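Student: I have a structure open and would like to talk it through with you. Shall we take it one question at a time?

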Amino acid sequence: MLTEEDIVARVSRLTVTRLRVFVSQGLIKPEAVRPEDVAPPGYSEADLARAALICNLEDEMGFNEDDVPVLLSLIDQIHGLRSELRGFVEVVEALPPEVRTTVRLRIEQRRRG
Amino acid sequence: MAEDLYSVLGVAKTASADEITKAYRKLAKKLHPDLNPGDTAAEEKFKEISSAYSILNDEDKRGQYDRGEIDASGQERPEARYYREYAGGPEGTRYRSSAGYEDMGDFSDLFGDMFSGGAGMHGAGMHGRGQRGGARFSMPGQDAQYHLDIGFLDAVNGTKTRITLPDGSTLDVTIPPGVTGGQVLRLKGKGHPGLGKGPPGDALVEVGVKPHPVFTREGNDIVVDLPISLDEAVLGGKVEVPTIAGKVAMTVRPGASSGQTLRLKGRGVKGKGDQLVKLNVTMPETIDDDLKRFIEEWKQTHAYDPRRTMKEQA
């Protein structure tokens, strides 16, 4: 688990205050801490990459702060979809060859309209 | 990387800092890997524009570049790790949105729920076949059909091969492991060219599998007849067995008989099936006097009837 300090040190232009804003907006969800816990919230490598992405969207690409939650929500939906699609593909791949071929052909036919 | 940095960003050499930033942002929004998950071409392009921007955005470095003091590759950033690399994995689970599959008919209750997401996407091309419609007089090209005979082991283990077509052109074909005779491989866009803006047709390659002198296939299992010697059958021991992935050592128990089948787990096709090894006790080419004498003596006191059950049944 990474600490707030680790994240801030590894993402350029990120400050503790800014990171906390991301967390309060729900853009980053560090490992939860219960009220009785003393340890600070822990971040994963994915959280780190996500923090870098948010900074990137705002600083390098010049997206407005208000736009970023919308973008992230769309990105998260895409990854949700890709994950479902991957699961679907895995299921199809495990089917007998004849069924797989049929599925492929149907999809291709559909695409051609 | 030898390309001119200004043309990478599509700006003039005289562009102002503001114009450069604008041009970069426009391209970055289009090409950023996290905005294009699963697209490696976009990632390559993005790397180019980022490294161009990292030089041109810095007044000192831009001056150095203009004066030829540093080249276009002067500034390599450390490899960035994009969110998309985590998004599909376990760490991304909590962010992946499972909202909104109510429009998926009978499957709507399955999605957003069932699949938890495994490792990498199978099969590369999720890009589809390009736009539908297009210009009015466009027509997709015809599919082209071919037949290709491949060796047994290539079919079982998969391989890459280059085939030469009747017209002299060549085609690189990836044979997926476990392919069976009669299966058709579809190579997107490798068929006859389309009309107008129509996409080319596909090449359909029907695979034929040549038999192997040692291996035969039953579903995902591989079957091998293995001759063993008289002493191996009586005393047992380790014998070398060919498998589709090379030789392995197998233990034969003392007292093995012909027809007995041993199973090598996971040694079948794509690791899914097993290899079945049928033992075949084989006598020495000549029965010498020693053996004859020994068996004659042995039989006096140890005679047995292997057909006893058979006689009871028929």
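This is a predicted model: local features need pLDDT of at least 70, side-chain atom pairs count only at pLDDT 80 or more; totals for chains, interfaces and linings use all residues.

Student: How many salt bridges does a search of the whole structure find over all chains?

Tutor: Across the interface of chain B and chain A, the rule finds two. Over all chains, the search of the whole structure gives 23.

Student: Which residue of chain B forms a salt bridge with A:Glu108?

Tutor: This pair joins chain A to chain B, with 3.2 Å between the closest N and O atoms. Polar contacts also link the two chains, with eight residue pairs found across the interface. The partner of A:Glu108 is B:Arg186.

Student: What area do chain B and chain A bury between them?

Tutor: The size of an interface is often given as the accessible area lost when the parts come together. Here 41 residues of chain B are in contact with 46 residues of chain A. Carbon and sulfur atoms account for 58% of the buried area, which comes to about 4,000 Å².

Student: Which element gives the largest share of the side of chain B that touches chain A?

Tutor: The elements giving two or more residues to that side are α2 (17–31) and α5 (84–87) of chain B. By type, the residues on that side are 15 nonpolar, 12 polar and 14 charged. The largest share is four residues, and it comes from α2(B).

Student: How are α3(B) and α4(B) oriented to each other?

Tutor: Two packed helices are described by the angle between their axes and the distance between the axes. The axes of α3 (residues 40–56) and α4 (residues 59–66) of chain B come within 6 Å and cross at roughly 100°. B:Ser54, B:Ile55 and B:Leu56 of α3(B) make the contact with B:Lys61, B:Arg62 and B:Tyr65 of α4(B). As an angle of 65 to 115 degrees counts as such, the two helices are therefore roughly perpendicular.

Student: What is the phi of A:Arg13?

Tutor: Most residues other than glycine have a negative phi. A:Arg13, in the loop between α1 (4–10) and α2 (16–24) of chain A, is not a glycine, yet its phi is positive, at about 65°.

Definitions and conventions
Residues are numbered from 1 along each chain as its sequence is written. Chains are lettered from A and ligands numbered from 1 in the order in which they are written. Side-chain values use heavy atoms; hydrogens and water are left out. Contact means heavy atoms within 4.5 Å. Buried area is the accessible area (1.4 Å probe) that two parts lose on being put together, summed over both. A salt bridge is a side-chain nitrogen of Lys or Arg within 4 Å of a carboxyl oxygen of Asp or Glu. A polar contact is a pair of N or O atoms within 3.5 Å; within protein, one must be able to donate a hydrogen and the other to accept it, and residues adjacent in sequence count only if both atoms are side-chain atoms. Ala, Val, Leu, Ile, Met, Phe, Trp, Tyr, Cys and Pro count as nonpolar, Asp, Glu, Lys and Arg as charged, and the others, Gly among them, as polar. Axes are lines fitted to C-alpha atoms, for helices over the stretch in contact, and angles run from 0 to 180 degrees between N-to-C directions. Angles under 35 degrees count as roughly parallel, over 145 as roughly antiparallel, 65 to 115 as roughly perpendicular and the rest as oblique.
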